[in-house]
Amino acid sequence: MRTNKKMPTPLGIGAGQTASVQLPLGLTYHMFNIRMNIDDGGTPTDVPADDWGLYLEEIRLIVNGDTRIQIDADDLVKLNRFYGIELTAGVLPLFLSRPWMRTPGGEDQTSYGTAGGMASFALEMDIAEGVTVNSLSVYAKQSAGTPFGPHLRIQKFVHNQGVIGEAEIADIPRGAYALGALHVTTDQIGNAEVNVDNRKVMDGDKATREANARYSKRVPQAGLTHIDFTEENRISETLPMAVSDFRLKLDFAATGNFSIYAESIRGA
């Protein structure tokens, strides 16, 4: 059975600081629940589901000193909702396993085993300025230990879009891993095209992308553009990135600095 355990108390809890939890090694981690209560005008308040970005900024999961997951709290809320996860006030989940995948093997393939191949494992949370934290704790859902192997990685890239129109993005790293989805922090993108080694593997406008997402019970989020390679909830349909060339062609209707989150399955 899986257990739900409270992790060690975070160090560095305070406005403008980075709260850090050193996670015990040995078991396999499937998800974290970040539990937070703040002072709101003198009233102890569990963080409302829509307001995480007001209290936490960036969240990072770090293995052996290397950041494997990097995402803003507000964007993590949106990713959870995209995958159909309903949030409870005061609790922000970070899924490692993917319970929406079709098979138990597919669900668990992205978990983090810590029974071998890992010297350190930490979760960091940047607390926003001006926040009074009453309590901040982390709970983990765990199962029997396995060595560190294939796991979920969420990388954060920055794209500057200076003009309205089509942009060709060719700097998503290639290598021996599989890409599950891309999420761009603007919903002002019309047509989106993905080309791999001069072969078009995805092409669609905003309406068709959102329609396909809803067929799989996804919930497209305001403020995000989703390019999902696993719409059928099959882990085997991730896009191999051991290629010579990978290009996105995105038709932007707005300018600005946007983040691109890349969800992937990586080896240890």
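Ala254 is found in the loop between strand S18 (246-252) and strand S19 (256-266). Helices (H or I, at least four residues) and strands (E, at least two) are DSSP runs, numbered from the N terminus. The model is predicted: local features need pLDDT of at least 70, side-chain atom pairs count only at pLDDT 80 or more, and totals for chains, interfaces and linings use all residues. Residues are numbered from 1 along each chain as its sequence is written, and side-chain values use heavy atoms, with hydrogens and water left out.

Stay with Ala254 for a moment. Leaving out residues up to four places away in sequence, Ala254 touches Gln161, Ile164 and Gln188. Contact here means heavy atoms within 4.5 Å. Gln161 is 93 residues away from Ala254 along the chain, yet their C-alpha atoms are separated by 7.9 Å.

Take the contacts between residues at least 6 apart in sequence: 78% of them join residues at least 24 apart. Gly14 gives another case of distance in sequence and in space. Gly14 and Asp126 are 112 residues apart in sequence, and 9.3 Å apart from C-alpha to C-alpha. Gly14 sits in the loop between strand S1 (3-6) and strand S2 (18-22). With 12% relative accessibility, Gly14 counts as buried. Buried means under 20% relative accessible area, exposed means over 50%, and partly exposed is in between (1.4 Å probe, protein chains only).

Now step back to the whole chain. The secondary structure comes to 4 helices and 19 strands. The C-alpha atoms fill a box of roughly 50 × 45 × 35 Å, taken along the principal axes. For 268 residues, a compact globule would have a radius of gyration near 18 Å; this chain has 19 Å, which agrees. That radius is taken over C-alpha atoms, and the globule rule is 2.2 Å times the number of residues to the power 0.38. Of the 268 residues, 52% are buried. The accessible surface comes to about 11600 Å², and 47% of this belongs to carbon and sulfur atoms. Such areas come from the Shrake-Rupley method with a 1.4 Å probe; for residues, only the protein chains shown count as cover.

Next, go inside. The largest nonpolar core has 55 residues. Such a core is a set of buried Ala, Val, Leu, Ile, Met, Phe, Trp, Tyr and Cys residues joined through side-chain atoms within 4.5 Å. Phe32, Met36, Tyr112 and Met125 have the most contacts inside this core. Strand S3 gives the most to the core, with 6 residues. Phe32 is in contact with residues including Leu23, Leu61, Leu92 and Phe121, when neighbours within four places in sequence are set aside. A second, separate core has 24 residues, among them Ile172, Leu179, Val184 and Met241.

Rings come next. The structure holds 9 aromatic pairs. Rings of Phe, Tyr and Trp (its six-membered ring) pair if their centres lie within 6.5 Å; planes under 30 degrees apart count as stacked, over 60 as edge-to-face and the rest as tilted. The ring centres of Tyr29 and Phe121 are 5.1 Å apart and the planes are at 80°, so this pair is edge-to-face. Tyr29 lies in strand S3 (residues 28-40) and Phe121 in strand S9 (residues 121-127), so the pair links distant parts of the chain, 92 residues apart. Both Tyr29 and Phe121 are buried. Ring pairs also join Tyr29, Phe32, Tyr112, Phe121 and Phe148 into a cluster.

Phe82 and Tyr83 form another pair. Their ring centres are 5.0 Å apart with planes at 70°, so the pair is edge-to-face. Phe82 and Tyr83 are both buried. The charged end of Arg98 sits over the ring of Tyr83, 5.0 Å from its centre. A charge sits over a ring if NZ of Lys or CZ of Arg is within 6 Å of the ring centre and within 35 degrees of the ring normal. Arg266 lies over the face of Tyr177, at 3.5 Å from the ring centre.

In helix H2 (residues 73-82), 8 of the 10 residues are buried, so the helix is largely enclosed by the rest of the structure. Gly84 follows H2, and its phi is positive, near 85°. Asn64 also has a positive phi, near 50°. Asn64 is in the loop between strand S5 (56-63) and strand S6 (66-72), and is partly exposed, with a relative accessible area of 39%.
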